[in-house]
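Hi everyone, thanks for coming.

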Amino acid sequence: MSKTQQGFSTRELKKIFSIVFVAYMVLAVAFYFLAGEQLRYRDSRGNIEMPVANAATVELTAGSVVEQKFTPKIQIFEHLSVQWGVFNRVNHGTVNVQLVNLATQEVLLDQNLQADQITEGQVTTFDFPAMETVCNAPLALRITSPDAVAGDALTPVMKTDATLENGQLYVNGQAVAGELAFSATGRDYIWTGLHYWQFAAAGAVILAALLLLLLHKHKTGKKSFILNAMIALRRYRFLIKQLVDRDFKAKYKRSILGVFWSFLNPLLNMIVQYVVFMNMFKFDIPYFPVYLLCGNVVFNYFSEACGMALTSIVGNADLIKKVYVPKYIYPLTRIMSSLINMLISLIPLAAVALISGLMPNKTYLLLPFPLLFLALF
């Protein structure tokens, strides 16, 4: 068919589809490098968090042994921490901390600490070079002292009313009810991140097949919703712009503050919720104002876009009766006008982030991805 009948010539479609495919490839590569390790790793679900200590194990004199057995379910073992008690005095002597793989008898950690450098309740952390061989392996955290004397020795602390799954605490060879005050943390692999390039390649193949199918339908004159939508967007782009402008201006038509309300509304919501949650519920979330404002901005956009889109057909009844326009144009324009409001709301969000000490970095470039998916949803 002719360009007039189809809206696009074959050459134009080839150019558009080529741009779409290249844009997909560029975005796929950019997303991989911008997302960084967050795409491939997450905090392990098997992390052992340190319990709140409420008792002492034993004064760690020469010959005493405190041993905590456990089986970590951490794919990449990175950190081990132990908490100490000193009886509010300066102790002396040497403390030896070992981590042993009971299945192979391999010593994974063997480090000495000086007792006089440990203070009351101090947590000592040992770092590992990302071990991947201890997941589901039986381990023993063994603490001894070769030279400490009674009344001048450290004491590992414990929680008496806690039980560690797949583990047992021993003090001088005797099983004890409770759990040593220690933690074992690391990261797990994210399966989708490990196979990211396979998914990206599959997406490229699917996209290429779809674009070739659309090109074939265009050449043979067959109907296609996607082609018809492209033609409608091109044909009615002036009307779309007018409707978006109208919806945006109508929102602030009778408002004294005007567009400034898009700045003020999320900030006021954030302040109220910050006071409530920080003072009444005592949430301890890093950068809580930014956390709150992110949620407010996203939810407000979603709520406003859905509400306006639901009434877009009825609200434009007079226009629909006068001229033919594909009905999906009306909810589309409402979503687009709400998107403009949300983009304006990102300005106070950026200001709060800077005030809170969150400096811009490369991950900020990922912002268009969730906004695009949210608008599509």
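Let's start at L141, which touches V66, E67, Q68, F70, L80, V82, V97, Q98, L99, L180 and F182, leaving out residues up to four places away in sequence; contact here means heavy atoms within 4.5 Å. Keep in mind that this is a predicted model, where local features need pLDDT of at least 70, side-chain atom pairs count only at pLDDT 80 or more, and totals for chains, interfaces and linings use all residues. Residues are numbered from 1 along each chain as its sequence is written, and side-chain values use heavy atoms, with hydrogens and water left out.

L141 is also one of the residues with the most contacts inside the largest nonpolar core, which has 35 residues. A nonpolar core is a set of buried Ala, Val, Leu, Ile, Met, Phe, Trp, Tyr and Cys residues joined through side-chain atoms within 4.5 Å, and buried means under 20% relative accessible area with a 1.4 Å probe, protein chains only. Strand β4 (76-85) gives the most to this core, four residues; strands are DSSP runs of E, at least two residues, and helices are runs of H or I, at least four, numbered from the N terminus. Apart from this core lies another, of 15 residues, including M270 and Y301.

Now, helix α4: residues 196-220 make it up, and its buried residues include Y196, A200, A204 and L207. Why that spacing? An α-helix has 3.6 residues a turn, so residues three or four places apart point the same way.

Definitions and conventions: Expected span 1.5 Å × (residues − 1). Buried < 20%, exposed > 50% of the residue type's maximum accessible area, 1.4 Å probe, protein only.
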